[in-house]
Structure formats: C-alpha cells, structure tokens
Protein chains: 4
Amino acid sequence: MRKLIFLPAILIFMAFTMQKRTKVIFFGDSITQAGSQQGGYIIKIDSMCMKENKSDKYEFAGAGIGGNKVYDLYLRMEKDVLEKTPDVVVIYIGVNDVWHKSSSGTGTDAEKFEKFYQAIIDKFNAAKIKMILCTPAVIGERTDFSNPQDGDMNHYSNLIRNIAKKNSLPLVDLRKAFLDYNLKHNKENKDRGILTTDRVHLNAAGNQLVADEMWKAIKKL
Amino acid sequence: MRKLIFLPAILIFMAFTMQKRTKVIFFGDSITQAGSQQGGYIIKIDSMCMKENKSDKYEFAGAGIGGNKVYDLYLRMEKDVLEKTPDVVVIYIGVNDVWHKSSSGTGTDAEKFEKFYQAIIDKFNAAKIKMILCTPAVIGERTDFSNPQDGDMNHYSNLIRNIAKKNSLPLVDLRKAFLDYNLKHNKENKDRGILTTDRVHLNAAGNQLVADEMWKAIKKL
Amino acid sequence: MRKLIFLPAILIFMAFTMQKRTKVIFFGDSITQAGSQQGGYIIKIDSMCMKENKSDKYEFAGAGIGGNKVYDLYLRMEKDVLEKTPDVVVIYIGVNDVWHKSSSGTGTDAEKFEKFYQAIIDKFNAAKIKMILCTPAVIGERTDFSNPQDGDMNHYSNLIRNIAKKNSLPLVDLRKAFLDYNLKHNKENKDRGILTTDRVHLNAAGNQLVADEMWKAIKKL
Amino acid sequence: MRKLIFLPAILIFMAFTMQKRTKVIFFGDSITQAGSQQGGYIIKIDSMCMKENKSDKYEFAGAGIGGNKVYDLYLRMEKDVLEKTPDVVVIYIGVNDVWHKSSSGTGTDAEKFEKFYQAIIDKFNAAKIKMILCTPAVIGERTDFSNPQDGDMNHYSNLIRNIAKKNSLPLVDLRKAFLDYNLKHNKENKDRGILTTDRVHLNAAGNQLVADEMWKAIKKL
C-alpha cells in the first residue's frame with residue numbers, strides 16, 4: 001500500500017518539476033543551425049547547464065536555418081517558435097541581412113530590418129514569451145574595422161541595441177564580445193581563424209564564447 | 001402605419017444591396033499607390049465600373065506602398081488587407097524585388113519570392129478571399145529584351161505564372177500585355193515614354209492598359 | 001656546289017613562308033583561358049586549320065585570364081597583345097562585366113564598358129592589328145530570356161554590335177549563335193548542359209560552336 | 001638701345017622663373033572636380049600658396065571627373081596627366097570604387113584596385129613625375145565606424161597606405177585626418193554636415209581640411 005501512495009507522489013513531483021523547466025529556443029541562421037550540431041554553442045550551453053545541475057530547470061532547442069534573414073524569421077516564426085510554446089527565445093540574426101547585399105544583391109534595408117525585427121518582438125510579446133536579443137558577431141575578424149562589411153555590421157548592431165533598449169529587452173552583445181576577444185587574441189589582425197573558421201561561422205572558441213555569453217544572459221532572466 | 005412597414009423594407013433592401021458589393025483591394029507597391037491618385041489605374045477602373053452601371057456591385061480600394069517587395073506585403077497583409085475584409089485582392093508585386101538587387105543590393109531571392117508569395121496566398125485562402133495575381137510589367141520598355149533587368153523580370157514573371165497555375169488562380173499577365181503593346185507602339189525600341197514615364201511608373205496609357213486588363217479579370221471572377 | 005646554292009634557297013623560301021603566317025591572338029576571360037586547354041575552342045580552331053592544310057598560314061595563341069572584364073583587357077593589352085605583335089586579335093569579353101554586378105557588386109557600367117572597349121580598339125588600330133569582335137554568349141541557356149542576366153547580356157551585346165558597326169569591324173555574334181542553337185536543341189528550356197557546363201563555361205558542343213564561328217570569321221579577313 | 005638689351009633680359013629672367021614653377025595636377029573624382037570650383041580645395045591651396053608668396057614656385061591644375069574609379073584614372077592618365085607634363089600628381093581616388101558596389105553593382109574589387117593603382121604609379125614613375133597618394137576620406141562621417149561602407153573604406157585605405165609604403169611615396173591620409181577631426185567636432189555622431197554636405201562631398205570645412213593636408217605635403221616634396 002505504501003508503494004501505491006508513494007509512486008503517484010513521485011509522478012506528481014516529477015510533473016511539477018517538468019512544468020518548471022524553462023524552454024529556450026534559439027532562433028537564427030546557419031550559425032544557430034550549426035549550434036545544435038556537435039560542438040555547437042547550443043550543445044555547449046546544454047553541457048554547462050548540466051554541469052551546474054540545472055538540467056531540471058532548462059531545456060534547449062535550436063531553430064536555425066542557413067541563409068535566414070530577419071524576414072525569414074518573421075515568416076517561419078509561427079511554425080518554428082510560437083507553436084512550440086517556448087518560455088524564452090534567443091534571437092540571433094543579422095549576418096545575412098548585411099552579407100547578401102554584396103554577395104547576391106539580396107540583403108535587407110536597414111529600415112526594413114528594424115521593422116521586421118520589431119514585428120517579431122511584438123508577436124512574441126503578445127504570446128508572453130521572454131526574449132534575449134543578440135547583435136551579429138562578425139563577417140571577418142580584423143580588429144581595425146577593415147573587414148569589408150564592418151560599417152554595416154556596426155550599423156545593424158546599433159539598430160539592434162536600440163531595439164533592445166526601446167523594448168527593455170536583455171541584449172547579448174556578441175559583436176562587442178567578439179571584438180574584445182579579438183583585440184586580445186588576434187594581434188596579427190587576421191580576418192579568420194580566431195573565433196571563426198571562414199570569417200562568419202564559429203570554430204570551437206567561437207562556439208564557446210557565444211555559449212558563455214548566452215548562458216549568462218539566460219540565467220539572469 | 002404604412003411608413004413603419006415601408007422603411008424597414010428599404011433598409012433590408014439597402015442592406016441586401018450593400019452586401020452584394022464586391023470589395024476589391026489592390027495590394028502592391030508605388031505603382032499601385034499611384035493607382036489611387038488622379039489618373040491612376042484604380043480610379044480608371046472605378047470610372048469604367050460606373051460607366052457600365054456596376055457601381056452597386058463593386059467597391060475599390062488601393063493598398064499600395066512605395067518600395068514594397070513581396071515580404072513587405074506579407075508583413076502588412078494583416079492590417080492592410082485582412083482587417084478590411086475584402087472579397088477580392090489583386091496582388092501586383094515584383095518590380096522592386098528585382099530592381100533593388102542592382103539599385104541597393106536589397107532585392108529578393110527568387111526562391112524566397114516564391115515562398116513569401118505562396119504564404120500570402122495561403123493566408124488569403126484561409127480567409128476565403130478571392131485573388132487575382134499579376135506579373136510585374138516592366139523595368140524599361142525596350143522590346144528586344146535588352147532592358148538590364150529583363151532576364152530577372154521574365155524569370156520572376158514565370159514564377160508568378162507557375163504560382164497562379166499551381167493555386168488555380170486567375171492571372172493578369174501585365175508583362176505580356178505590356179510587351180504586346182510595345183511591339184505595336186514602340187517601333188523605335190525606346191526604354192520609356194510609351195506606357196511609363198520613367199521605365200517603371202505608369203503614364204496615362206499605362207494606367208489605362210493596367211485598368212483594362214484588371215477590370216476584365218475582376219468581372220470574370 | 002649545288003647544295004650550297006640549294007640550301008639558302010630553302011631558307012629563303014621558309015623565311016618567306018613563315019612571314020606569311022597570320023598570328024591570331026584570342027583575348028578574353030576564363031572562357032578563352034579554357035580555350036587553350038584540351039578540348040578548348042582555340043585547340044579546335046587549330047585542328048580545323050590543320051585539317052584544311054592551312055597550318056602554314058595561321059598560328060594561334062590564347063590570352064585569356066579568368067575573371068577579366070573589359071578594363072582588365074585594357075590594362076594588360078600592352079604586355080599580352082601588343083608586345084606579341086599579332087596580325088589579328090579576337091576580342092571576346094563581357095560576361096564578367098555583367099555577371100559581377102550581382103555576384104560581387106563589381107561589374108562594369110554600360111557607359112564605361114563602351115569607353116574601354118573603344119580605347120582597346122583605338123590602340124589596336126594604331127598598331128595596325130586586325131580585329132574580330134565577339135558578343136558574350138550566355139549566362140544561362142534558357143531561350144525565353146528568363147536567365148537573370150539576359151537583359152544586361154542583350155544590352156551589352158547590342159553595345160558591341162554597335163561598336164563593331166561604328167568601327168567597321170567584323171563581328172562574331174556568339175550571343176545570337178548560342179540562342180539559335182538552343183532554340184533548336186534546348187526544347188526543355190534548361191539553363192545549362194546544352195552548350196555550357198555551368199550556364200557560362202563551354203562544354204564540348206559549346207567549344208565547337210565557338211570554334212566554328214570564329215574560324216569562319218578568321219578565314220574571311 | 002638700352003631698351004633692346006633690357007627687354008630680352010627680362011624675358012630670359014621670366015622664362016627662367018617660369019621654368020622653376022612646380023606644376024601640380026590633382027587627379028581624382030567628383031571631389032577633385034569640385035576642388036577647382038569656387039571654395040574648392042584646389043582654389044584654397046592656390047590662395048594659401050599666394051599668401052605665402054610662393055606663387056612663382058607652384059602652379060596647380062585640377063583633373064577630377066565625377067564618378068571616376070581607379071581604372072578610369074588609368075584610362076585617361078595619358079591625356080589628362082602625362083600630356084600636361086606635370087612635376088607632381090596628387091592621386092585622390094577610391095570613394096566610387098567602394099561606393100558603386102552597393103549603389104550600382106559596379107565597384108572595384110580590392111585586388112584590381114591595387115593592380116590599377118600600381119599601374120598608374122608605374123607610368124608616372126617612368127615619366128619621372130613625383131606623386132602624393134591620398135586615402136579616400138569618408139562615405140558618412142559617423143565616428144563609431146557604423147557608416148555602411150566604413151569597413152570597405154578602411155580596407156581600401158589600408159591598401160593605399162601599403163602601396164605608398166611599398167613605393168616609398170608620400171601619403172596624405174585624409175581618412176585619418178577626417179576621423180580625427182570628426183572625433184573632436186562631431187560629438188553627436190552625425191553622418192554628414194561636419195566636413196561634408198552629403199556624407200561624401202566636401203563643405204567649406206572639408207575643403208579647407210583637404211587643402212591644409214595637401215598643401216603641407218606638397219611643400220615637403
């Protein structure tokens with residue numbers, strides 16, 4: 001008889017515990033798509049979470065698709081985020097909005113970047129989902145702002161910083177974090193190989209830096 | 001007592017009549033924005049409608065905004081179309097998706113053009129709104145396909161033709177209509193001045209041609 | 001004694017024969033660079049020349065460099081053409097001038113394309129070098145002018161046709177020849193595989209077609 | 001009789017004096033074209049020269065044409081510089097090479113920018129003409145490197161700095177001078193109005209700054 005009483009208690013406890021897990025979705029482009037793969041930043045966050053014995057508190061899911069720009073997020077937001085009812089969404093977008101201007105003539109105007117970004121925030125706010133915004137890290141790791149897209153990357157990062165401020169949302173300023181790191185570790189002013197493999201996509205150190213910065217922000221929520 | 005019986009009858013009749021008016025929204029870019037202004041194609045359709053004594057059957061509204069691409073329509077679709085509960089939407093988009101590639105590096109990839117276009121159709125279908133699709137007319141009126149964007153304009157027009165077929169939706173093939181017209185009336189192979197003022201925006205003849213083609217399609221629905 | 005008289009006679013005859021060989025340089029981009037490689041159009045022209053027993057009349061040399069635009073030809077004209085004192089130069093340029101607009105934002109304005117093209121002609125004229133001009137063939141083999149760059153390709157081909165006319169120079173209209181061939185052999189409207197491997201670079205049939213057209217023009221000079 | 005002896009002496013003296021004047025040509029784009037107009041930097045240099053009583057030592061001529069890129073300079077170098085046999089050429093180019101990438105898809109690849117720049121230097125060296133190189137100043141005056149083209153502007157300025165070093169040529173680092181000035185006088189981080197009217201073309205202060213920097217460099221030769 002004891003058992004019969006005891007088991008349901010566990011189930012109730014477990015159910016209670018499970019309800020408390022904060023579901024975090026990482027919403028972004030190819031960098032986030034790679035984040036769910038071995039060595040990726042989402043995997044690293046999950047590991048850190050486990051190490052800190054917080055696996056009962058958080059669950060993580062990647063929602064990154066290669067080539068995505070801000071309006072692509074808007075298009076698939078319903079299906080890939082809202083329907084999955086997360087508690088938190090980490091929005092990490094902007095590289096392709098800048099990059100595709102020169103690589104294929106299909107980047108995103110600054111004004112429209114802001115408009116779509118705000119529209120995404122409005123939808124998530126309406127669904128009571130918490131958000132963490134990120135600035136896009138780098139297209140090239142040179143520290144003297146001589147990477148061809150640095151002007152636009154700084155410009156779009158400023159836009160996101162302003163959007164975060166205006167909406168009172170936490171910001172993971174990856175662009176700043178990457179620059180600070182490169183100022184210390186990239187004395188030769190190389191354009192890749194410090195935090196990225198190819199000027200854009202993250203190597204192990206890059207994934208770790210992103211994981212560290214995001215994990216701090218997630219725990220602060 | 002007679003009056004009391006008579007008045008409600010009128011009201012019922014009026015309500016009945018009003019219910020029967022088909023509300024048509026023209027959804028597009030600067031060409032459609034100009035369509036609501038004096039001499040514009042929407043004004044011309046309204047005039048033709050009146051002349052044919054069909055004003056009790058149709059009402060028309062413009063929803064064009066300069067610089068819009070297909071994803072801009074998707075963003076403002078809710079507010080500018082769905083909330084206005086039209087019976088019919090005429091979708092006339094594509095010029096900027098092609099043009100902005102070279103003018104500002106912010107055009108729309110063919111693959112994403114299709115994706116957003118289909119997403120708009122899906123939302124309108126869900127709301128039981130009838131649709132008429134249009135191919136983008138011209139960026140330059142030369143008839144030997146030597147206008148710089150002709151390749152892409154033909155490509156995106158083909159995409160729209162396929163979308164129309166796939167979704168069994170009526171198509172106003174403005175690109176074809178403009179070419180046919182220019183083959184007759186533009187023997188000198190000029191790049192503007194026949195149906196446009198500036199290679200893109202419609203002059204009186206251009207507005208009339210668009211009005212004629214659309215009005216035919218609207219009445220056929 | 002006979003021998004002593006006989007040998008110089010042969011040498012004089014050989015020298016005379018050698019002087020009569022027409023030196024043809026093919027001046028262009030990666031398509032021409034590949035033209036000197038196995039299966040390339042220059043090799044094919046050389047073979048046809050041999051078959052027709054005209055090897056004592058012509059010699060051929062390739063001067064193509066990948067990625068070249070009209071102004072790159074102008075820059076290396078001195079070293080790669082003039083210093084080699086050819087009798088004839090076949091100028092085959094234009095694909096990258098159009099293509100790089102969308103692939104890297106570094107194409108060539110139509111107006112400057114003309115200016116540099118004419119400047120090259122002027123230098124060759126001053127050096128009494130005969131010229132054959134060519135239109136750029138294709139960026140995509142679809143026959144309905146829906147290859148994204150078709151508008152610009154037609155436009156730049158028109159510019160070259162006009163330059164040829166204005167300077168009374170023979171023209172090998174590859175753009176026309178490729179379209180005619182594709183209208184016959186590309187019924188499925190594919191964008192590659194008929195005369196090119198990748199929409200731009202020539203396969204065996206493409207190299208043969210270019211060789212045929214150019215060889216005809218060279219013999220007519 | 002005295003007069004007859006006296007006059008030729010003056011003429012000889014004048015001719016001697018005139019031979020000693022250093023002829024400086026400013027070779028560039030629309031900024032240099034405007035430099036010869038009222039309030040322009042070339043006019044200002046001429047005024048400073050006069051004030052310092054050095055008009056017998058220098059003469060100045062503008063050779064700027066709107067829209068010019070490095071390869072345009074190469075094309076017109078012969079006619080607009082070499083034929084005028086200057087002693088010094090100030091080369092001020094690069095804005096359009098960067099800018100036209102996004103505004104019309106017709107900028108200049110970094111690698112080709114270097115190649116043409118070096119080719120110009122080689123020609124001037126061969127003609128024993130002294131040179132002063134300049135970095136392009138600004139496309140936007142914001143000081144946090146968030147002007148869209150800042151990355152490329154820094155990149156191309158680095159290329160010119162390296163070319164100057166490699167060729168042991170004096171450099172007027174306008175990009176640095178403009179940034180230093182804006183860091184002092186543009187506390188609000190505006191993108192225009194401090195040294196330019198429109199982010200690119202010089203206002204009175206901009207013309208003065210360029211004049212000051214160039215005049216210093218010219219006198220040092």
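Me: Two strands count as paired if at least two bridges are found between them. What makes S4 and S5 of chain C a pair in this predicted model?

Reply: Two bridges join strand S4 (residues 130-134) of chain C to S5(C). The rule asks for at least two bridges, so the pair qualifies. The two strands run parallel, and in S5(C) the bridge partner of C:Cys134 is C:Val172.

Me: Why are strands S2 and S5 of chain C said to stand at the edges?

Reply: The open sheet of five strands in chain C has the order S2-S1-S3-S4-S5. Strand S2 (58-64) and strand S5 (171-172) each have a single partner strand, so one side of each is left without a neighbour in the sheet.

Me: What makes the contact of B:Lys69 and A:Asp109 a salt bridge?

Reply: The side chains of B:Lys69 and A:Asp109 meet at 3.5 Å, N to O. The cut-off is 4 Å between a side-chain nitrogen of Lys or Arg and a carboxyl oxygen of Asp or Glu, so the contact qualifies. Across the interface of chain A and chain B, the rule finds four salt bridges. On the side of chain A that touches chain B, the elements giving two or more residues are helix H4 (70-80), helix H5 (95-104) and helix H6 (110-126).

Me: Why is the relation of chain B to chain C called that of a two-fold axis?

Reply: A rotation of 180 degrees, with 0.0 Å of shift along its axis, superposes chain B on chain C with an RMSD of 0.0 Å. That is the relation of a two-fold axis. In chain B, the C-alpha nearest the axis belongs to B:Gly151, 2.4 Å from it.

Note on methods:
Residues numbered from 1 in each chain as written. Chains lettered and ligands numbered in written order. Predicted model: local features only at pLDDT ≥ 70, side-chain atom pairs only at ≥ 80, totals over all residues. Heavy atoms only, no water. Helix = DSSP H or I, 4+ residues; strand = E, 2+ residues; numbered from the N terminus. Least-squares fit on C-alpha atoms with pLDDT ≥ 70 in both.
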